[in-house]
Amino acid sequence: MSKLACKCGHVMVARTMEEDFLYEIIPQKVIIQLLNEWDEKDTAFTSDDFFDYYNQFRQDVYKCPSCGRVIIENEPRANKFSFYAKEL
Ligand SMILES: [Zn+2]
């Protein structure tokens with residue numbers, strides 16, 4: 001379980017990791033690399049292979065359901081976050 005408090009005061013608690021406020025970002029080049037590797041290895045490319053590589057580069061993202069701020073982990077596994085509010 002992880003939780004993160006937004007600047008607006010709303011606290012997001014992730015219990016199942018299927019909450020609607022949870023996202024991830026990953027560099028596009030990493031996705032392309034994964035797709036190329038999958039294409040080359042076909043059935044020898046497993047979901048473990050996918051996540052071993054993917055998890056090295058993913059950054060956690062929270063989208064606050066109360067104010068709409070997007071909160072992005074500063075770098076993979078940093079567990080430190082930057083907050084971005086929508087410009088009006
Ligand atoms: Zn908020």
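This report describes the fold, the sheet and the overall dimensions of a predicted model.

## Basis of the description

Local features require pLDDT of at least 70 and side-chain atom pairs count only at pLDDT 80 or more, whereas totals for chains, interfaces and linings use all residues. Residue numbers start from 1 along each chain as its sequence is written.

## Secondary structure

The chain contains 2 helices and 6 strands; these are DSSP runs, with helices (H or I) of at least four residues and strands (E) of at least two, numbered from the N terminus. Their order from the N terminus is β-β-β-α-α-β-β-β.

An open, antiparallel sheet is formed by 4 strands in the order 3-4-5-6, where pairing requires at least two DSSP bridges between two strands. Strand 3 (22-25) and strand 6 (81-84) are at the edges with a single partner strand each, so one side of each has no neighbour in the sheet. On average, neighbouring strands of this sheet are turned by 25° against each other, direction ignored; the axes are lines fitted to C-alpha atoms.

Strand 4 (residues 59-63) and strand 5 (residues 70-73) run antiparallel and are joined by 3 bridges. Tyr 62 has Ile 71 of strand 5 as its bridge partner.

## Dimensions and burial

The C-alpha trace spans about 45 × 30 × 20 Å along its principal axes.

Of the 88 residues, 5% are buried, that is, with 20 or more other C-beta atoms, placed from the backbone, within 10 Å of their own.

Conventions:
Axes are lines fitted to C-alpha atoms, for helices over the stretch in contact, and angles run from 0 to 180 degrees between N-to-C directions. A residue is buried if 20 or more other C-beta atoms lie within 10 Å of its own, exposed if 12 or fewer, and partly exposed in between; C-beta atoms are placed from the backbone.
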